[in-house]
Amino acid sequence: MDCSKSGRKYTFLDLGRVNVPYAARLQDACLRVIAGGRYIGGREVEAFEDELAAFCGCRYAVGTGNGLDALRLILLSYIALGVMSPGDEVIVPANTYIATFLAVTHAGLVSVPVDPDVATYNIDVNKIADAVTPRTRAVIPVHLYGRPCAMEDIRDIAEHHGLKVIEDNAQAIGAFVGAERTGHLGDAAAFSFYPTKNLGALGNAGAVTTDDAKLADMVRALGNYGGNDRHDKVYCGYNSRLDPIQAAMLRIKLQDIDELNNGRRAIASVYGGEIVNKHVILPDYGAAGHVWHQYVVRVDNREHFRNYMSRNGVETDVHYPVPPHMQSCYRAAGLGRFPIAEALAREVVSLPVNPACTSLDDARDISEIINAYVC
C-alpha cells in the first residue's frame, strides 16, 4: 500500500538546511578567524574549550581533531600516566559504531564486548561484571543514539572493580541523567562534532572533557606531537588539534544545543505517541535526558520496510547494519558472538528526527505512513 501525500518527500538529513539558520553568523565567525591570523590554537579554541567545559559541568575540555582521536587520546593518556598498560582490557558495548573499538585497538589495548540491553540498545549493565578479568582497566559506556547509559550502575561496578569510566559521548551532547549532563558522568568523556551530530562542525572536530588535570594535560600534550614546547617534545605524540575555524563555528551552535535537542524530543514524542503498527517496535523512550541523535525503530524485514518507506517519500537510514565484531578488520580476532547486537543490526531503521529537516507535521505524516505498513 502506498499512501504518500501528494508526492511529498520527507528528507532524512540535509546538512545545508541544518546550517541555513546559522549561515550569516558562521560566515562572520570564519571571517573573524581569517582576520585574526591564528589558524592553529588560539583564542577561539580556548574559548570553545571553556564554554564546552562549563556546559558539561567539567573543569577541563581539550579540543581534538575528531571524535575517534578524542577517545584514543584518553586511552593513550592513561597509558602514559601509568594507569593502563598495552594489552590491558577495556569493556565496550557490542552494539556501537566501530570507532569505539578502533580507539581501544589503536591504543594497544584489548576490546571486550558486552551485549546490549534490547530495550535501550545500550550496554547491558547486568553483564558488565561478568566480563571483568584481572586485566580489565576501564569500561566505555556509549550513549548510543543519544540515550544516556545507566551510569549510576556502571559507576558502582567500576568503583567495585577499580575501573576507569570513559564515556563515548559522540552522539549525546546535552543529554543528562538527573541534574548531570553526559560528559561529566565518568572519569573522562570523548565528543565528536562530525557534521551529522546534534552539535555538528563543518568538518571534523572532537573534544575530551574531564575533571582530572593530569589527564587533560596529557591529552593536550599527546595531541600536540607530544608536548607543548615547540622544540622539545616529551612524548612520541600525535597531531590532533581542534581547528580555530571549527571552534569558532561550534561556539555559535553550542548556544542553541538545548533548544535543538528539545526539537528532537518533540519529534520523538510524536513518533512515540502516534506509531501504533504492531510490526514496528519503537525505542524505549527512557528518561527525559535522551537527546535523540537517532530515532531507531526495529522491523523484521528491514529491506521490505525501507522500500515501502521510500515509495512513500520517506528517507530512512540504518545505524548500524554490521556490529564491529563482525566487520572484516575484527572477524579474525574471535571476539565472540553477541546475539542481541547481531539481531539489532538486522532490524534497526532510523527515521528522520532532525528538526531542521522534519517538522512535527512531517512526523505525524510519517507516523501515518508507518501505521499503514503491512509486513
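## Surface patches

Leu31, Ile34, Tyr39 and Ile40 come together in a nonpolar patch on the surface of this predicted model, with about 410 Å² of accessible area between them. Patches are built from residues that have over 30% relative accessible area and no salt bridge, with nonpolar side chains (Val, Leu, Ile, Met, Phe, Trp, Tyr) joined within 5 Å and like charges within 9 Å; the accessible areas come from the Shrake-Rupley method with a 1.4 Å probe, and for residues only the protein chains shown count as cover. Ile34 belongs to helix H2 (residues 23–36), and its relative accessibility of 49% makes it partly exposed, where buried means under 20% relative accessible area, exposed over 50%, and partly exposed in between (1.4 Å probe, protein chains only).

A patch of negative charge is also present on the surface, formed by Glu152, Asp153, Asp156 and Glu159. Here Asp and Glu count as negative and Lys and Arg as positive, while His and the chain ends are not counted; the place of a charge is taken as NZ of Lys, CZ of Arg, CG of Asp or CD of Glu. Glu159 sits in helix H7 (residues 151–161) and counts as exposed because its relative accessibility is 66%.

## Basis of the model

Residues are numbered from 1 along each chain as its sequence is written. Because the model is predicted, local features need pLDDT of at least 70 and side-chain atom pairs count only at pLDDT 80 or more, whereas totals for chains, interfaces and linings use all residues, and side-chain values use heavy atoms, with hydrogens and water left out.

## Overall fold

The chain has 14 helices and eleven strands, which are DSSP runs numbered from the N terminus (helices H or I, at least four residues; strands E, at least two). Buried residues account for 55% of the 375 residues in the chain.

The C-alpha trace spans about 70 × 55 × 40 Å along its principal axes. For 375 residues, a compact globule would have a radius of gyration near 21 Å, and the chain, at 21 Å, agrees with this; the radius is taken over C-alpha atoms, and the globule rule is 2.2 Å times the number of residues to the power 0.38.

## Salt bridges

Side chains of opposite charge can pair when their charged atoms come close. The structure holds 17 salt bridges, each defined as a side-chain nitrogen of Lys or Arg within 4 Å of a carboxyl oxygen of Asp or Glu. In one of them Arg251 pairs with Glu44, with the closest N and O atoms 3.0 Å apart. This pair links distant parts of the chain, since Arg251 is in helix H9 (residues 244–254) and Glu44 in helix H3 (residues 43–56), 207 residues apart. Arg251 counts as buried at 18% relative accessibility, and Glu44 is buried with a relative accessible area of 7%. Both residues also take part in a network of salt bridges that links Arg32, Arg43, Glu44, Glu51 and Arg251.

Asp258 forms a salt bridge with Arg181, again with 3.0 Å between the closest N and O atoms. The two residues connect distant parts of the chain, Asp258 in helix H10 and Arg181 in strand E7 (residues 180–181), 77 residues apart. Asp258 is partly exposed, with a relative accessible area of 33%. Helix H10 also contributes Glu274, whose side chain meets that of Arg364 in a salt bridge (3.8 Å, N to O). That pair likewise links distant parts of the chain, with Arg364 in helix H14 (residues 360–371), 90 residues from Glu274. Glu274 is partly exposed at 35% relative accessibility, as is Arg364 at 33%.

## Backbone features

Most residues other than glycine have a negative phi, and most peptide bonds are trans. Tyr145, however, has a positive phi near 65 degrees; Tyr145 lies in the loop between strand E4 (136–139) and H7, and it counts as buried because its relative accessibility is 3%. Trp292, also not a glycine, has a positive phi of about 50 degrees. Trp292 is placed in the loop between helix H10 (257–274) and strand E10 (295–298), and at 1% relative accessibility it counts as buried.

The peptide bond from His319 to Tyr320 is cis, with omega near 15 degrees. Tyr320 is in the loop between helix H11 (302–311) and helix H12 (328–331). Gln327 also lies in the loop between H11 and H12, and Gln327 is partly exposed, with a relative accessible area of 23%.
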